[in-house]
Amino acid sequence: MTAPSEEAAARIRKAVIELSADELTDPEAIGKVLPIGEVLGPAALAYVAADGFRPSASAELSVEELPAGHASLDALEQAAGPEDAGEAGLAEITSPAFVLRVDGQVVAAAGYRAWPSSTAHVSVLTSPDWRGKGLARATGSAAVRYALAQDLVPQWRARIPASRKAAIALGFSELGFQLSIQLV
């Protein structure tokens, strides 16, 4: 658990001390002991090391590299909608963006945000019309390859089954779950 201050951490610790590990990722259980506002998750947390990475082998897909925050990503986020765009977090990446285009439009993108302890938090987003075609795997693979080349440990946070499936296909192992809450 992380908290914004020692005072908040002490309050949270006292409230959740009796909860089981499963309950710590259950918004309903947390809501019974803490006043919560916004909730993100629960989501699976998965990691991959260089020796376990299985890059995407889709030869027909040509992944392009763009700088983080490139204007081409805006249309993708609009097509995906605010909930999916917020979940993916492309606006927060610190790495280059790895994208796939169809007729000049970005339809899938991935990158990562560098976190403490040499962690690369991978972000992947695919336009709703293009999901289920392996594009998340292709762009995610490029982002993971780049992170590993920077000696970072790629982390994939996934809530939806399709995202979890893409991570596992790339060699990620799920090692835990995360629930983010905002206290009221």
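**Exercise 1. Classify Asp84, then find its charged partner in this predicted model.**

Solution. 
- Step 1: Start with accessibility. Asp84 has a relative accessible area of 25%. Buried requires under 20% and exposed over 50%. Asp84 is therefore partly exposed.
- Step 2: Look for the partner. Asp84 forms a salt bridge with Arg131. The closest N and O atoms are 3.0 Å apart.
- Step 3: Asp84 sits in helix α4, residues 82-88. Arg131 sits in the loop between β5 and α5. The two are 47 residues apart, so the pair links distant parts of the chain.
- Step 4: Classify Arg131. Its relative accessible area is 37%, which means partly exposed.

**Exercise 2. Which residue pairs with Glu87, and which network includes Glu87?**

Solution. 
- Step 1: Glu87 forms a salt bridge with Arg157. The closest N and O atoms are 2.8 Å apart.
- Step 2: Glu87 belongs to helix α4 and Arg157 to strand β6, so the bridge ties together parts 70 residues apart in sequence.
- Step 3: Glu87 is partly exposed at 24%, whereas Arg157 is buried at 12%.
- Step 4: Extend to the network. Salt bridges link Glu87, Arg157 and Arg159.

**Exercise 3. Which residues of helix α3 are buried, and what do they pack against?**

Solution. 
- Step 1: Helix α3 spans residues 72-80. Its buried residues are Ser72, Leu73, Leu76, Glu77 and Ala80.
- Step 2: Look down the axis of α3. The buried residues fall within an arc of 135°, so they line one face of the helix.
- Step 3: Find the packing partners. These residues pack against β2 (64-66), α4, β3, β4 and β5.
- Step 4: Check what follows the helix. Gly81 comes after α3 and has a positive phi, near 90°.

**Exercise 4. Which members of the largest nonpolar core touch the most other members, and which elements supply the core?**

Solution. 
- Step 1: The core has 16 residues. Phe53, Tyr112, Val144, Trp156 and Phe172 touch the most other members.
- Step 2: At least two residues each come from β5 (119-126), α5 (135-149), β6 (153-158) and α6 (161-169).
- Step 3: Helix α5 gives the most, with 3 residues.
- Step 4: Separate the second core. It has 13 residues, including Ala80, Ala85, Ile93 and Ala109.
- Step 5: Examine Tyr112. Beyond four places in sequence, its contacts include Ile93, Val122, Ala143, Tyr146 and Leu152.

**Exercise 5. Is Thr139 buried or exposed, and what does Thr139 touch?**

Solution. 
- Step 1: Thr139 is found in helix α5.
- Step 2: Its relative accessibility is 0%, so Thr139 counts as buried.
- Step 3: Leave out residues up to four places away in sequence. Thr139 then touches Phe98, Val99, Leu100, Ala108, Ala109, Ala110 and Val124.

Technical notes. Residues numbered from 1 in each chain as written. Predicted model: local features only at pLDDT ≥ 70, side-chain atom pairs only at ≥ 80, totals over all residues. Heavy atoms only, no water. Core = buried A, V, L, I, M, F, W, Y, C linked by side-chain atoms within 4.5 Å. Buried < 20%, exposed > 50% of the residue type's maximum accessible area, 1.4 Å probe, protein only. Helix = DSSP H or I, 4+ residues; strand = E, 2+ residues; numbered from the N terminus. Contact = heavy atoms within 4.5 Å. Salt bridge = Lys/Arg side-chain N within 4 Å of Asp/Glu carboxyl O. Arc of directions from axis to C-beta.
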